Amino acid sequence: MYAIVEIAGQQFKVVKDQKVFVHRLQTEEGKQVAFDNVLLIGDGDNVTVGAPAIDGAQVGAKVLKHLKGDKVIVFKKKRRKGYRKKNGHRQSLTEIVIESIAASGAKKAAPAKAEKKAEVAAPKAEAKPAAKKAAGKADDLKKVEGIGPKIAETLVAAGITTFAELAESTPEKIAEIIADVRGNHVTDTWPAQAKLAAEGKWDELAKWQDELNGGKAE
């Protein structure tokens, strides 16, 4: 039996006992993790295709270790400005081993987490953010390098509507809030960027963002 499953924004064809390198997961080493977005399952001549995912299907895995991938050279150049910069980048990865493939009957784990996040975020949304929205104080979080419209919308829904509130958060907490947003998002510099924005240091922020790659410090 094999399955095509989406893990951290990427699609993989997996079988039991297979080791896979995926974008960095938040799960600790040695812990089990389940993936519910199973797009296809094949068992001999029987192939089940989801629309887009198969209801009740699940791929179970175990986190073996967190590591970094091979070094990639990142070269930046601005024409007619005499700007050249060469840096290296190593992608944060997680090695997992596939332990099980369930075609049906699995309990969805992701929605439950989403509900818990909503419950945790609700008091914040009713407290400070609600008052600031009413006063028209919400900031454009997309000015932080690495934050797009979907992530900004998710942060606002979680009660983070201003640069100051984003600056007070931690990269780990932000990563937890946007865990359900598709893609590989590195939140390391977001609070520091937001702090500069909250203090009105736009020139300093723009200079720093020229050196960032999707919000990641080289």
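Let's start with helix H3. Its buried residues pack against H4, helix H5 (171–177) and helix H6 (190–198). Contact here means heavy atoms within 4.5 Å. Helices (H or I, at least four residues) and strands (E, at least two) are DSSP runs, numbered from the N terminus.

A word on the source. This is a predicted model, where local features need pLDDT of at least 70, side-chain atom pairs count only at pLDDT 80 or more, and totals for chains, interfaces and linings use all residues. Residues are numbered from 1 along each chain as its sequence is written, and side-chain values use heavy atoms, leaving out hydrogens and water.

Back to H3. Which residues of H3 are buried? Ile-151, Ala-152, Thr-154 and Leu-155. Buried means under 20% relative accessible area, exposed over 50%, partly exposed in between (1.4 Å probe, protein chains only). These four cover an arc of only 160° around the axis, so they sit on the same side of H3. The arc is taken from the directions from the helix axis to the C-beta atoms. The other side has Pro-149, Lys-150, Glu-153 and Ala-157, which are exposed. After H3 comes Gly-159, with a positive phi near 100°.

Now the cores. A nonpolar core is a set of buried Ala, Val, Leu, Ile, Met, Phe, Trp, Tyr and Cys residues joined through side-chain atoms within 4.5 Å. The largest has 20 residues. Among those with the most contacts inside it are Ile-7, Phe-35 and Ile-96. Strands including S1 (2–7), S2 (10–15) and S4 (32–35) each supply at least two residues of this core. A second, separate core has 19 residues, including Ile-147, Phe-163, Leu-166 and Ile-174.

Next, the rings. How many aromatic pairs are there? The count is 1. Rings of Phe, Tyr and Trp (its six-membered ring) pair if their centres lie within 6.5 Å; planes under 30 degrees apart are stacked, over 60 edge-to-face, the rest tilted. Phe-163 and Trp-202 are edge-to-face, 5.8 Å centre to centre, with 75° between the planes. Phe-163 is in helix H4 and Trp-202 in helix H7, 39 residues apart. Phe-163 is buried, at 6% relative accessible area. Trp-202 is partly exposed, at 37%.

The charged end of Lys-143 sits over its ring, 5.2 Å from the centre. That term needs NZ of Lys or CZ of Arg within 6 Å of the ring centre and within 35 degrees of the ring normal.
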